[in-house]
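Trainee: I would like to check some of the terms used for this model against their cut-offs. Where do we start?

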Amino acid sequence: MSSAYARWLTSALPREDLKTISFLPRISWSNKHVSRVADANEGALELLYEKKLRKKLENKEKEENTLEVDPIDALLLKTEDGQLYYRRVVKEPKEAAEESGESIKDPALVKPTKAEKRLKTKKLRKEAKKQAKEEEVQQTPQEEVLDEVKKDLTAEEANEKKKYKFAELGTTLLADPESNIRLLKEMLEISKDGDSTIVILGLKSLLAVFKDIIPGYRIRLPTEKEQEMKVSKDVKKMRFYESTLLSAYKAYVQKLVALQQQTAYQLVATRCLCTLLAAVPHFNYRESLLAAVVKDISSQDDVIRKLCCSAVKSLFTNEGKHGGEVTVEAVRRIAELVKSHNCQLHPDSLEVFLSLSFDEDLGKPERSDMDKKAKYKKFKKRKGSDESNQKPENDRKKSRKEMMSKTREEVNADYKAVSSDQDPQERRKMQSQTLSAVFQTFFRVLKHTVQPKSEGSVHGAFGSHPLLDPCLNGIGKFAHLIDLDFMADLMQCLRKLAGNGNKSADYSENSSCQLTVSERLRCCIVAFKVMRNNLDALNVDLQEFFIQLYNLILEYQPGRDDGDLLAEALKIMLCDERQHDMQRAAAFIKRLATFALCFRPAESMAVVTVKHLLQKNAKCRNLLENDAGGGSVAGAIAKFQPQVLDPNLCGALASVLWELNLLMKHYHPSVSSIAATISTMNANTNQVFRVHASPQQAYTELLKENESFATPSAIKRTNNKRKVSDSVPVQGLDLNSSDEIDENAIRSKLSKHFSLLRDIQENERLRSEMDRTRQSLNLYETYKMQKKKRKTRSN
């Protein structure tokens, strides 16, 4: 298309049509491939190229500021070079800006204000913090795990090093303690570690070292004057060794006493203290060890209490290690502990007194040295009167004699200190002090049990009177050593305790507590032991104790009370006695025969006591006759009254021993055989029967046999079960096997059955509760509905 045609087209077309072809100026009418013109100036050509580039840039800016029209709305044109052009419309924002005459500024060229800068910096800081936190969250788990692993590894390595260090120090100390005594302080420093395993290991290592290197004597540190004196190197070395050992041992004992208060180290510290007290009771600081051990002798922890009790018992049994001094101190400390706690301690704290041993002649009056001195003075006076006529001795001889006597006394004192043999006078003195402290504690416990009980008093953790049983055992053991001045008060106290719980006694209401049958039986046994050990100097009526025993036989229960105590009481009070009142013996025979019919074979061996009484009291054999009146020896009481409390007044001789016929048919062969031998006794002839066993022996033997002995009824039941099993097979049970397997299987089946029944009952209970809740909910809903209806009606 030429330029002349373009001019013609613009002149021929109207202005309205020219608007539709406003894009024509952008069409290049010249040939682009023509780059040079002949005989043209080069500078003009460059200007021409610059104009073309400017036009292109302007066209690009216009195209950027315009919008393309949808191809459907307008036709497109194709240029000579093959490009397609669409109709374009200018953007609205630019048009608005051109109309208002404002120029659009580039935001990058505009300077921000101070507020905008602050906001921008804050945003940047927040974004930086967020990124740092995200990076930390990603890195911290791994770093923390690695740090913990490193710490654990380092702690384990350090602990292993300390363990090897303890072993090394201990072996070097045991190899040569005198030259390596300073290592004790190093071991003490290592044991101050915060780790519990290292502390426990250090305590045990030091315990082993001290047990081995502690000498067999008590160390006495030198005084200031002795330190100023010149001594040899060996003496200096020994003094340094002893002082270092004593200081380290003191620090170790103090550390054990401090750790005993902490729960984490209480057991280890107590074990170390008890071991040291039992191993080296002669050494220094035994007072601290003894105080720490006696303090926990009544601990509620069984292990700690047993450790302390065993340590104290070892002191009492091995007095050769300490000469008896620690025994006196330990007994006094226990007595003070009982007094301070008002007799509310564990029974083990007083049972340690049973390990004490005293000389047999301790209770006998000793021939004092005053008699010897008096005889010596008399002899000296006589001699002085005879020699009064002689010339007085020279002063030199007197001084020489005085010097000789002083040297002898010093030598004797040194010999006593060095020799292992204890002075008998000192031993007797320490044993008397120990015995007085022991009986003072026993009498305090008895007084506390007998004294009236206040209304607001509360029982301790170990019961109302936990120390009564060991107290009675101790009195029974050392009864031969009790002073006769206290005997009457002791028997009166025992009489009150034995009658405690009897409704007829006046002192039962004011007593501190109701004693059990076993404790009252023990009181009767102790009273008889005391009486027998002091038979020559004691005249006490024991009728009250026989009355209590007669009533306690009926109150006895096998599962609750101790059968050994009952057998011992029968042996001491009835079998060992040479003579008995006829009425009293008959009453006990009748009561024991009735007792044997009611309980197990072990308790049925009361017939052994019946046999003893019938052998010793021939007139009581009239009870074996068929005469209902008891024969000619019935006495003043013509009728037997079993409800009477006093055996002398019940009239047992007026009865017949009909229980013997039933005992002869007893299922246990031992009981039936003894009953048969009793029935063969004759009242007319003085037969002599041999006693085979005491009540205690019979009770213990039958108690052991009772576990494996099967009654005839049980045998019949097992036979019936076996017959049924042969005829009717039972699922899950093999009744042809041993009885133990049958019992276990039956027990399991029954447990399952009853558990199922319990589940059914529980389900029924839950269902009934569910029904009740449903009914209550329905009632509540109906109530709500009625309430709504009332509101609607009122509105």
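Mentor: With the largest nonpolar core, which has 148 residues; L184, Y252, F353 and F545 touch the most other members. Helix 20 (residues 517-533) gives the most to this core, with 10 residues. The model is predicted: local features need pLDDT of at least 70, side-chain atom pairs count only at pLDDT 80 or more, and totals for chains, interfaces and linings use all residues. Residues are numbered from 1 along each chain as its sequence is written, and side-chain values use heavy atoms, without hydrogens and water.

Trainee: What makes a set of residues a nonpolar core?

Mentor: The members are buried Ala, Val, Leu, Ile, Met, Phe, Trp, Tyr and Cys residues joined through side-chain atoms within 4.5 Å. Y252, for one, touches L188, L203, L206, L207, F210, C272 and L276, not counting residues up to four places away in sequence.

Trainee: Why is T609 called buried?

Mentor: Buried means under 20% relative accessible area (exposed is over 50%, partly exposed in between; 1.4 Å probe, protein chains only). T609 has 0%, so T609 is buried. T609 lies in helix 25 (residues 607-616).

Trainee: Why is helix 21 called roughly parallel to helix 23?

Mentor: Helix 21 (residues 543-555) and helix 23 (residues 582-596) pack at about 20 degrees, with their axes 10 Å apart. Angles under 35 degrees count as roughly parallel, over 145 as roughly antiparallel, 65 to 115 as roughly perpendicular and the rest as oblique. The angle is therefore in the roughly parallel class.

Notes: Helix = DSSP H or I, 4+ residues; strand = E, 2+ residues; numbered from the N terminus. Contact = heavy atoms within 4.5 Å. Axes fitted to C-alpha atoms, helices over the stretch in contact; angles between N-to-C directions.
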